[in-house]
Amino acid sequence: MEAIACRGLTKQYGSVIAVDNLDLFVEQGSVFGFLGPNGAGKTTTVRLLVGLSQPTVGQASIMGERVRINSVHLRNRIGYLPEEPSFYNWMTGRDFLLYVGELFRLPSHENRKRCDEMLEFAGLKDAAKRKIGGYSKGMRQRLGLAQAMMNRPGVLFLDEPCSALDPIGRREVLDAIIKLKSHTTIFMSTHILSDVERTCDTVGIIDKGRLVIQESTNRLRERFASPVFELEVEGDASPLAARLRSLPWVTAVEEAGRDAGAMLRIRTDDVAVAKRELPGIVSDSGLVLIRYELISPSLEDVFIQMIGAREKV
Amino acid sequence: MKGFLVLFKKELREQAKTHRLLIVLAVFLVLGMGTPLMLYYLPSIVNTSEGTQLPIPDFTAADVSMEFLGSIAQIGMVVVILVAMGAVSRERERGTALLTLSKPVGRGTFVVAKLAALAVTFEISLIVSALFCYIYVGVLFDGVGGAAFAAATALAGLFLLLCISITLLCSSIFKSAFAAGGAALVVIVVLWALSAIPNIGSYAPMGVLDWGNGLILGKGTGAWGSLCISAGLAVAFIVGAWQALMRKEI
């Protein structure tokens with residue numbers, strides 16, 4: 001059974017279509033990265049999926065249960081972390097988790113036990129009795145993650161969990177998400193590609209409210225991003241770059257200067273030929289080869305390629 | 001009403017932690033103790049200067065009691081608006097409502113818990129201040145009938161409950177607390193103005209305050225129509241607040 005299924009999900013605000021006829025299916029147990037530039041419709045989609053917003057058209061279901069606005073029953077089975085979670089600053093971290101546990105009607109002893117587990121998981125045990133008003137952004141985000149996990153949800157929705165964090169805070173939150181991988185299905189919206197590469201096994205790319213593609217992270221790289229050869233040479237690489245551009249199996253050559261030489265990034269549509277021919281061509285050029293590397297495509301390459309292609313349309 | 005008790009407890013704790021409970025109680029206590037004291041000492045305060053002798057009427061216990069309940073209605077209304085105007089709107093504006101409403105609690109429960117907590121705060125403050133006023137009136141003046149005073153206080157309590165429900169409705173409609181407060185003030189003033197219109201006036205919600213005064217003076221008839229309309233409107237405004245919140249994007 002799919003953990004999340006959307007059929008024709010559409011949300012319109014006046015003349016603006018925030019989410020446009022979205023068909024999306026997420027397998028149970030997967031970590032799904034919902035990727036898109038700012039304003040693509042990610043947050044609106046998450047809000048529709050957790051029942052905080054009413055779709056204009058279409059429907060969604062979570063673990064087979066149809067999402068309705070104010071669907072109290074469904075909320076027992078999901079966890080949700082908004083983009084920048086706001087807490088009652090007069091509460092301590094422990095108070096807040098106990099409050100959330102009570103909202104989920106956890107029995108008192110179980111609530112305290114789960115609260116301690118989640119404080120430990122979020123690395124907030126030492127700050128448990130401090131008021132949330134004094135927490136750093138990273139601590140608040142980890143508390144947000146902990147509160148979303150209090151009810152052991154079947155599906156966890158994370159809306160831009162790292163966007164407002166510094167590199168250390170980001171790493172802490174991503175580590176926490178990775179720890180959750182084996183416990184629940186995770187739906188994570190983000191515009192940070194490296195976060196998706198690090199945590200997600202499936203990716204959906206959304207742009208202007210429309211789903212551009214949905215694929216496993218690895219297959220997406222294989223399908224859409226051609227490998228790149230990186231050459232670092234000593235001396236003037238311009239003649240070499242010109243020669244490479246003239247070859248039929250080379251699709252693009254980017255040239256960047258270095259201290260005493262140059263770096264070339266060569267894209268090709270025939271990796272086998274490139275592997276065979278490139279070393280000889282460099283040797284013939286008379287330049288000193290410092291580095292020769294075949295770079296695997298990153299999700300960033302795919303993302304830029306796909307969103308860029310749509311921009312041109 | 002799943003989660004009502006959890007939310008109700010949280011609201012009461014919030015009022016205590018943010019000192020709102022204390023402020024409301026303090027304001028009402030000042031009115032409860034201050035009104036009889038001020039009216040008792042007013043003639044001597046005004047006529048302390050040599051040569052000035054202003055004609056100050058002798059206040060009776062009924063005058064003082066009515067003055068106290070009048071102050072409760074006017075100042076209490078302002079305090080209700082100030083305390084309740086951000087109850088829903090500020091939670092939406094700050095985003096705290098987002099975390100709570102993504103849990104298994106209904107939006108109706110969210111509103112009713114706020115109403116209940118505010119009602120407890122204001123009604124307890126009213127009862128405490130009325131008790132002090134009753135004691136002071138008994139000591140400084142010739143006393144007032146206990147049953148009549150209690151009934152008049154209960155009617156003032158109903159009026160405050162109506163003000164709370166109006167403010168919660170406005171707070172659910174507007175995202176800005178100030179806009180909610182302004183709108184609530186306008187609605188209450190309009191309802192107050194209705195009570196001055198002949199024929200309609202006896203059914204206007206504010207008629208309950210006149211009924212309270214009548215009870216203290218020992219004359220006048222019961223404004224049951226006004227009481228039913230006040231109670232009905234309070235319920236209608238809360239249902240309206242729930243429905244307004246249901247239609248909002250959180």
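Visitor: What conventions apply to the numbering and to the values?
Guide: Residues are numbered from 1 along each chain as its sequence is written, while chains are lettered from A and ligands numbered from 1 in the order in which they are written. Because the model is predicted, local features need pLDDT of at least 70 and side-chain atom pairs count only at pLDDT 80 or more, whereas totals for chains, interfaces and linings use all residues, and side-chain values use heavy atoms, with hydrogens and water left out.

Visitor: How much area do chain A and chain B bury between them?
Guide: Taking contact as heavy atoms within 4.5 Å, 29 residues of chain A touch 28 residues of chain B. Buried area is the accessible area (1.4 Å probe) that two parts lose on being put together, summed over both. Carbon and sulfur atoms account for 61% of the total, which is about 2700 Å².

Visitor: Which residue of chain B meets A:Lys11 in a salt bridge?
Guide: A salt bridge here is a side-chain nitrogen of Lys or Arg within 4 Å of a carboxyl oxygen of Asp or Glu, and three are counted between chain A and chain B. In one of them the N to O distance is 2.8 Å, and the partner of A:Lys11 is B:Glu249.

Visitor: Which element supplies the largest share of the side of chain A that touches chain B?
Guide: Helices (H or I, at least four residues) and strands (E, at least two) are DSSP runs, numbered from the N terminus. At least two residues each come from β1 (2-13), α2 (72-75) and α3 (93-103) of chain A. The largest share, six residues, belongs to α3(A).

Visitor: Which residue in β4(A) is the bridge partner of A:Cys6?
Guide: An open sheet of four strands in chain A has antiparallel pairing in the order β2-β1-β4-β5. Within this sheet, β1(A) is joined by five bridges to strand β4 (residues 57-62) of chain A. The bridge partner of A:Cys6 is A:Ala60.

Visitor: How many residues apart in sequence are the parts tied together by A:Arg170 and A:Asp195?
Guide: Over all chains, the whole structure holds 28 salt bridges. One of them links A:Arg170 and A:Asp195, whose closest N and O atoms are 2.6 Å apart. As A:Arg170 lies in helix α6 (residues 167-180) and A:Asp195 in helix α7 (residues 193-199) of chain A, the pair ties together parts whose separation in sequence is 25 residues.

Notes
Pairing = 2+ DSSP bridges.
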